[in-house]
Amino acid sequence: MRQSHLFTKTRKEAPSDETSKNAQLLIRAGFIHKEMAGVYAYLPLGMRVLENIKKIVREEMNNVGGQELMMTTLQPKDIWEKTDRWDDKKVDNWFKTALKNGTELGVGLTHEEPIVDAIGEYINSYKDLPVMVYQIQNKFRNELRAKSGLLRGREFVMKDMYSFARTQEEHEEIYERVAESYHKVYARLGLGDITYRTYADGGIFTKRFSDEFQTLSDMGEDTVYVSESKKIAVNKEVYTDENLAKVGLTKDELVERKGVEVGNIFPLETKYTDALDVHFMDNAGAKQPIIMGCYGIGVSRLVGVIAEHFADDKGLVWPESIAPFRVHLIQLGNTADKATALYESLIKKGTEVLLDDRDAGAGSKFADADLIGIPYRVVISDKSLERGGLEFKKRSDAEGAIITEEELFDRLK
RNA sequence: CGGAGUGUGGUGUAACGGCUAACAUGCCUGCUUUGGGAGCAGGUGACUCAGGGUUCGAAUCCCUGCACUCCGACCA
């Protein structure tokens with residue numbers, strides 16, 4: 001894309017109503033637009049990052065057998081009453097609305113009930129199981145307090161997957177398979193080293209633990225106790241000697257850290273399937289309960305976590321796997337023809353490139369490139385051509401080097 | 001939801017209860033410039049969040065509402 005066509009612009013100063021680093025940088029660089037507290041729009045650059053994260057999540061969910069679908073945001077009240085999750089006293093962060101005739105509707109905050117209800121129409125026999133379905137869509141939660149930019153919003157993008165199994169053993173096999181795929185997702189996002197599977201409270205429906213995926217960071221609101229050697233952590237909410245004994249850990253091998261919950265997986269047992277009367281028939285013709293699990297990843301939260309985690313004092317630094325573009329090609333001086341030729345040949349080779357063809361000074365182009373944080377910066381200028389080609393610099397490096405066009409293509413392979 | 005704070009051109013800030021609300025940046029015109037947010041000149045742009053009140057006089061003081069931020073609580 002030509003930067004002269006990009007409608008967003010960078011800003012030198014962050015808006016005064018944002019204090020979180022992720023929102024400040026993402027707004028300054030033109031990735032997001034704040035609509036209201038906890039509600040952000042994704043502008044072209046932010047949209048590309050979001051879509052890149054979704055792509056990785058999709059690939060990994062498909063790899064473990066997930067089938068993608070998309071449920072609705074508008075929710076009928078009756079299915080939520082069957083599980084006793086409609087009453088505001090039970091679930092207090094609903095957004096609710098109504099039809100013109102007064103019929104109450106919910107605005108989707110999660111999708112266990114509608115998924116179970118829909119799936120139930122197709123699952124009758126043991127031959128129909130197991131099944132895993134997932135979706136990536138906006139969730140709406142009426143949080144009393146939105147905070148920390150993209151980390152805690154009222155409208156946010158989430159991947160939620162649901163598994164349906166015939167037996168506890170089958171469920172556990174799926175559960176572990178998905179947990180494994182989560183590690184792959186975070187590794188591909190560049191967060192593998194600092195993201196820990198974490199024992200957490202299983203909630204009111206099960207006596208088991210649930211598993212959170214916590215990315216260690218000072219911006220986190222959760223306190224976790226981490227064993228670096230065992231690559232496992234324990235959330236403060238279940239940090240007792242009794243619980244630690246259950247999972248084979250002791251307090252002296254754990255260190256206290258702050259974490260951001262970037263995913264969580266729950267064993268739901270038969271709570272929802274039973275409540276919505278969804279069962280299967282075994283090979284003896286007997287009605288059997290369906291064991292369910294659910295698996296969330298905070299997709300838009302990850303945009304904020306990654307933005308903030310990798311940023312330096314000059315701006316964003318995107319991992320290559322999700323960067324909005326791979327190359328930021330900066331044209332300086334009278335090099336428009338050569339820059340265009342290089343831009344086109346890069347595109348021909350399948351490289352995503354942002355060409356800074358704006359009529360602006362070198363300093364402001366460099367400052368913008370640093371702020372936007374595209375992994376590779378390539379400068380084409382009279383000076384670079386004199387010295388034999390192009391200047392190539394990684395966003396994460398301080399200094400660049402002059403290379404030829406062939407060497408550039410080579411490095412981008 | 002409890003507590004604290006803040007609302008001034010697009011953005012960031014300033015202004016004792018008292019001149020036509022100032023500065024920077026952005027944006028527009030022209031010229032010059034082109035390797036780290038360039039220079040000069042001219043121009044554009046704010047009923048100071050909304051509504052009420054006090055006062056000869058309110059951006060400034062008071063009340064109500066709304067919005068935003070932070071701390072806490074909450075967070076399948």
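Select D84 to begin. D84 is exposed, because 10 other C-beta atoms lie within 10 Å of its own; a residue counts as exposed at 12 or fewer such atoms, as buried at 20 or more, and as partly exposed in between, with the C-beta atoms placed from the backbone. D84 belongs to the loop between α3 (77-82) and β5 (95-98). Helices (H or I, at least four residues) and strands (E, at least two) are DSSP runs, numbered from the N terminus. The phi angle of D84 is near 60 degrees, a positive value in a residue other than glycine.

This is a predicted model, in which local features need pLDDT of at least 70 and side-chain atom pairs count only at pLDDT 80 or more, while totals for chains, interfaces and linings use all residues. Residues are numbered from 1 along each chain as its sequence is written, and chains are lettered from A and ligands numbered from 1 in the order in which they are written.

Now select S148, in the loop between β7 and β8. Is S148 buried or exposed? S148 is buried, since 22 other C-beta atoms lie within 10 Å. S148 is not a glycine, yet its phi is positive, at about 55 degrees.

**The strands on either side of that loop**

Select β8, residues 155-165. Of its 11 residues, 10 are buried, so strand β8 is largely enclosed by the rest of the structure. Strand β7 (residues 131-140) runs antiparallel to β8 and is joined to it by 10 bridges; two strands pair if DSSP finds at least two bridges between them. To see one position in this pairing, select N138, which stands opposite V157 in β8. β8 also pairs with strand β16 (residues 291-298), in the antiparallel sense and over 8 bridges. Here S163 stands opposite G293 in β16.

The peptide bond joining L129 and P130 is cis, with omega about 0 degrees.

Which strands form the open sheet, and in what order? The sheet has 5 strands, in the order β18-β17-β19-β20-β21, with mixed pairing. β18 (353-356) and β21 (401-403) stand at the edges; each has a single partner strand, so one side of each is left without a neighbour in the sheet. From one strand to the next, the twist averages 25 degrees; axes are lines fitted to C-alpha atoms, for helices over the stretch in contact, and angles run from 0 to 180 degrees between N-to-C directions.

Select helix α9 (residues 336-348), which packs on the sheet and touches β17 (327-331), β18 and β19. The direction of α9 makes about 165 degrees with that of β17. Contact between two residues requires their C-beta atoms, placed from the backbone, to lie within 7 Å. Helix α10 (residues 362-372) also packs on the sheet, touching β17, β18 and β19, and its direction makes about 175 degrees with that of β17.

Within α10, colour D368, A369, D370 and I372, the buried residues of the helix. These buried residues pack against α2 (44-63), β17 and β19. Just after α10, G373 takes a positive phi of about 80 degrees.

Return to the sheet and select β19 (residues 376-380) with β20 (residues 390-394): the two run antiparallel, and 4 bridges join them. The bridge partner of Y376 in β20 is K394.

**Two further selections**

Select E320, in the loop between α8 (299-310) and β17. E320 is partly exposed, with 13 other C-beta atoms within 10 Å. Apart from residues up to four places away in sequence, E320 touches R326 and P375.

Then select T10, in the segment before α1 (21-28). T10 is partly exposed, with 16 other C-beta atoms within 10 Å. Leaving aside neighbours within four places in sequence, T10 is in contact with R28, A29, G30, D368 and L371. M281 is 271 residues from T10 along the chain, and their C-alpha atoms are separated by 60 Å.

**The whole chain**

Finally, display all of chain A, which has 12 helices and 21 strands. The C-alpha trace of chain A spans about 80 × 60 × 45 Å along its principal axes. Of its 413 residues, 39% count as buried.
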